[in-house]
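Please keep the sequence and the structure at hand while reading it.

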Amino acid sequence: MSDTMTAVAAPTVSLTPAALQQVRFLVGKQGKPALALRIGVKGGGCSGLSYVMRLEEAGTEKDFVLEQEGQTILIDRKSAQFIDGLQVDYSVKNLLEGGWRYSNPNAERSCGCGTSFTPK
């Protein structure tokens with residue numbers, strides 16, 4: 001590592017039991033039990049950054065690799081600083097209020113739908 005680069009600590013990200021169950025369901029639908037869940041952020045959305053989640057077969061050498069109850073979670077280094085401490089939940093409350101929910105200690109504010117945020 002060069003003198004100008006700083007090391008980024010591995011982020012802490014967790015899935016609630018409901019979120020973990022939903023990820024396992026989605027992985028099962030794909031028929032590939034080794035799929036990993038990628039969690040990250042991208043520019044855009046109502047508040048500046050939007051959460052991104054997708055299933056992938058493999059990460060890269062630059063990814064942080066976490067594991068929760070047998071589920072692999074991949075996080076790219078750019079996203080790590082914005083989602084450290086993130087808790088992901090999944091709700092089936094109803095059609096309008098159900099879906100993925102994010103609790104992020106790095107969010108200054110979130111949009112009404114909860115899928116984007118302004119970082120602190």
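In this predicted model, Val 88 stands opposite Tyr 102, a residue of strand β7.

- Strand β6, which spans residues 86–91, pairs with β7 in the antiparallel sense, and five bridges connect the two.

**The largest nonpolar core**

- The largest nonpolar core holds 21 residues, and those touching the most other members are Val 13, Leu 15, Ile 39, Ile 75, Ile 83, Leu 86 and Val 88.
- Two or more residues of this core come from each of β1, α1, β2, β3 (49–56), β4, β5 (71–75), α2 (77–83) and β6.
- Helix α1 provides the largest share of the core, namely four residues.
- Ile 39 has contacts beyond its neighbours within four places in sequence, among them Val 13, Leu 15, Val 52, Ile 73, Ile 75, Ile 83, Leu 86 and Val 88.
- As a general background, nonpolar side chains tend to be buried together in soluble globular proteins.

- Arg 38 lies in strand β2, which covers residues 36–43, and it counts as buried because its relative accessible area is 8%, under the 20% cut-off.
- The side chain of Arg 38 is joined to that of Glu 56 by a polar contact of 2.7 Å, and to that of Asp 63 by a polar contact of 2.6 Å.
- When residues up to four places away in sequence are not counted, Arg 38 touches a set of residues including Val 52, Met 53, Arg 54, Gly 59, Thr 60, Leu 74, Ile 75 and Asp 76.

**Gln 68 in strand β4**

- Gln 68 is placed in strand β4, residues 64–68, and its relative accessible area of 16% is under 20%, so this residue is also classed as buried.
- Leaving aside neighbours within four places in sequence, Gln 68 is in contact with Val 13, Ser 14 and Leu 15, as well as with Leu 20, Arg 24 and Ile 73.

Note on methods:
Residues are numbered from 1 along each chain as its sequence is written. This is a predicted model: local features need pLDDT of at least 70, side-chain atom pairs count only at pLDDT 80 or more; totals for chains, interfaces and linings use all residues. Side-chain values use heavy atoms; hydrogens and water are left out. Two strands pair if DSSP finds at least two bridges between them. Buried means under 20% relative accessible area, exposed over 50%, partly exposed in between (1.4 Å probe, protein chains only). Contact means heavy atoms within 4.5 Å. A polar contact is a pair of N or O atoms within 3.5 Å; within protein, one must be able to donate a hydrogen and the other to accept it, and residues adjacent in sequence count only if both atoms are side-chain atoms. A nonpolar core is a set of buried Ala, Val, Leu, Ile, Met, Phe, Trp, Tyr and Cys residues joined through side-chain atoms within 4.5 Å.
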